[in-house]
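The following note sets out numbered points on the model shown below. Please read each point alongside the sequence and the coordinates.

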Amino acid sequence: MEPIRILDDILARAADEIGAADDVASLDEAITKLVGRDSPVGDVRRGMGALDPGLRPVVGAKLNEVSTEVDRLVGERRRRLELEETNRRLETEAIDVTLPEVYRRIGSLHLIQQTIDEISAIFSGLGFGIADGPEAELGWYNFDALNTPPTHPARLESDTMYLDYGDPLDEMLLRTQTSPVQARWMESHEPPVHIIVPGKCYRTDAIDGSHLPVFHQVEGLAVDTDITFADLKGTLAHFAREFFGPDTAARFRPAFFPFTEPSAELDVSCFNCDGGEPDCRVCRGAGWLEMLGCGMVDPDVFRAVGYDPDEVTGWAFGMGVERMAMVRHGIDDIRNFILNDTRFLVQFP
Ligand code: DAH
């Protein structure tokens, strides 16, 4: 029974010795030591021929059992070691494929354009069309057709940039307002008219915190057979609520413009405070914000463009786009719009 005892002894040690191998090389060593040619199992195999024939099948079966068990244990251990090896390599040889992002700034529309688009969208929603006209304009459209006589101080060279100054009949200037498009449009279209006119305007203003020689306005004009001041108030109050928020109140103050009668200035309630808080950064305690000029189109303007003031009535308004954007966003210096300082611009993506 000596061989059986040897083989049982191997069976008993196999799990521990194989389990102790902590790499492929020591696993091979353990195999050699347990079942290799020079191991006790090798001796038993070689001695089979000399065994008592009655004992041979018993020892043979035990040999099989040993080699099957050792194969199983070795296979298990090998898979385990391979897995550990793979994990170790994954960890130590991992390549960091992440890189700092390539930071590319995406541009956006200028705040003035965004503001024009927003104003246009509100009036488009009311059915207004969008018109435009030349920036190099005739004195006739910029002034005369708008009931502004040659003697009006706004027509002085000190106020208006002339391209050709002197003869009121064909003097060419950079338009000081978008209002001339009122006259141009009516001259070439039959009533009813519902248009807004966004665009650039020019004046000889020196640059400071609230003036630029080039700025933007949006003109509005509605003409039909029965347009009233109530239409003007309702439309502009709606605009104010859309642009500044639903709780915005509107107030009209009497004013004067040559091309409207009566004329008014529109104030809107401060959207930033509950009305007249002394240190409100937007209204500075006034509670109201001056917004735009407006009024009922003067009959003289209708006559100048060939409309019959006994047939039609209308209202008009003109607002400064820079002012709208400044009030709305709390911008305190108009020069921000032209400095191209990206620290300013990126705040309005
Ligand atoms: N054009 C005027 C300006 O530049 C603004 C204005 C006031 C336009 C009243 C209008 C209006 O159409 O009715 O100051």
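1. A residue is near a molecule or strand if one of its heavy atoms lies within 4 Å of it. The ligand has 15 residues around it, and those that come nearest are Gln177, Ser179, Arg203, Gln217 and Glu219. The shell consists of five nonpolar, eight polar and two charged residues; here Ala, Val, Leu, Ile, Met, Phe, Trp, Tyr, Cys and Pro count as nonpolar, Asp, Glu, Lys and Arg as charged, and the others, Gly among them, as polar.

2. This is a predicted model, in which local features need pLDDT of at least 70 and side-chain atom pairs count only at pLDDT 80 or more, while totals for chains, interfaces and linings use all residues. Residues are numbered from 1 along each chain as its sequence is written, and side-chain values use heavy atoms, with hydrogens and water left out.

3. For Gln217, a polar side-chain atom lies 2.9 Å from a ligand oxygen atom. On its own the ligand has 350 Å² of accessible area (Shrake-Rupley method, 1.4 Å probe), and the protein covers 89% of this area.

4. Helices (H or I, at least four residues) and strands (E, at least two) are DSSP runs, numbered from the N terminus. Strand 6 (214–224), strand 9 (288–297) and strand 10 (313–320) each contribute at least two residues to the ligand shell.

5. Thr115 belongs to helix 5 (residues 111–125). Thr115 counts as buried because its relative accessibility is 2%; buried means under 20% relative accessible area, exposed over 50%, and partly exposed in between (1.4 Å probe, protein chains only). A polar atom of the Thr115 side chain lies 2.7 Å from the backbone oxygen of Leu111. Beyond neighbours within four places in sequence, Thr115 is in contact (heavy atoms within 4.5 Å) with Phe243, Val321, Met324 and Ala325.

6. Most residues other than glycine have a negative phi, and most peptide bonds are trans. The peptide bond from Pro191 to Pro192 is cis, with omega near 5 degrees, and Pro192 is found in the loop between helix 7 (180–188) and strand 5 (193–202). Arg284, a residue other than glycine, has a positive phi near 50 degrees; Arg284 counts as exposed because its relative accessibility is 62%.

Methods
A polar contact is a pair of N or O atoms within 3.5 Å; within protein, one must be able to donate a hydrogen and the other to accept it, and residues adjacent in sequence count only if both atoms are side-chain atoms.
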